[in-house]
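Here are some notes to read alongside the model. Please keep the viewer open and look up each residue as it comes up.

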Amino acid sequence: MRSIVAAISTLLLAGAVQATSPLPAERQAELLYLLKHDCGSCHGMRLEGGLGPALTAERLAPYGIDFLALTIVQGRPGTPMPPWRPFLTEQEARWLARQLKQGINQ
Ligand code: HEC
């Protein structure tokens with residue numbers, strides 16, 4: 001009985017750790033590829049602007065991670081910015097928003 005409780009709490013703990021742990025390196029590489037090629041088609045290969053605004057750290061400085069992640073997940077209705085929900089989780093959108101704010105393009 002005791003070992004079952006221990007096993008269950010280990011499983012629960014593993015789930016909790018997974019929810020907050022960093023993205024696997026492989027997925028990070030995929031997201032950076034997406035950023036350059038898909039986002040870059042509108043925001044510029046170097047994310048310095050095109051059809052969409054520049055996504056440089058300097059320009060995004062006034063915006064919070066939550067706001068930027070929401071923009072990425074939901075898009076901006078009425079503008080060409082599409083929702084990325086089918087391709088990204090919220091955690092992944094937040095990771096991308098953090099990269100942009102840290103200046104991934106520099
Ligand atoms: C089809 C063109 C297009 C693509 C592809 C695109 N965007 Fe956008 N994006 C836009 C436009 C246009 C805006 C400005 C929307 C507005 O007027 O508020 C925008 C706005 C944004 C903003 C908010 C910037 C701000 O100044 O408010 C972020 C962040 C963003 N995009 C990130 C991304 C990311 C990350 C991707 C790829 C996963 C992506 N975009 C792909 C067109 C695009």
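How many disulfides does a search of the whole structure find? The search finds zero, where a disulfide is a pair of cysteine sulfur atoms within 2.5 Å.

Before the points, a word on the basis. This is a predicted model, in which local features need pLDDT of at least 70 and side-chain atom pairs count only at pLDDT 80 or more, while totals for chains, interfaces and linings use all residues. Residues are numbered from 1 along each chain as its sequence is written, and side-chain values use heavy atoms, with hydrogens and water left out.

1. Cysteine 39 has a relative accessible area of 13%, so it counts as buried; cysteine 42, at 26%, is partly exposed. (Buried means under 20% relative accessible area, exposed over 50%, and partly exposed in between, using a 1.4 Å probe and protein chains only.)

2. Now find the ligand. There are 21 residues around the ligand, and Cys39, Cys42, His43, Arg76 and Met81 come nearest. (A residue is near a molecule or strand if one of its heavy atoms lies within 4 Å of it.)

3. Which helix gives the most to the shell around the ligand? That is H2, with six residues. Helix H2 spans 25–43, and H2 and H4 each supply at least two residues of the shell. (Helices are DSSP runs of H or I with at least four residues, and strands are runs of E with at least two, numbered from the N terminus.)

4. Next, look at the polar atoms. An N or O atom in the side chain of histidine 43 is 2.8 Å from a nitrogen atom of the ligand. For arginine 59, a polar side-chain atom lies 2.7 Å from a ligand oxygen atom. In the side chain of arginine 76, an N or O atom is 2.6 Å from an oxygen atom of the ligand.

5. Isoleucine 65 belongs to helix H4, residues 65–74. Leaving out residues up to four places away in sequence, isoleucine 65 touches Arg94, Ala97, Arg98 and Lys101. (Contact means heavy atoms within 4.5 Å.) Isoleucine 65 and lysine 101 are 36 residues apart along the chain, yet their C-alpha atoms are separated by 7.9 Å.

6. Finally, visit leucine 47, in the loop between H2 and helix H3 (57–60). Its phi is near 60°, a positive value in a residue other than glycine. Most residues other than glycine have a negative phi. Is leucine 47 buried or exposed? Leucine 47 counts as buried because its relative accessibility is 4%.

Notes: A polar contact is a pair of N or O atoms within 3.5 Å; within protein, one must be able to donate a hydrogen and the other to accept it, and residues adjacent in sequence count only if both atoms are side-chain atoms.
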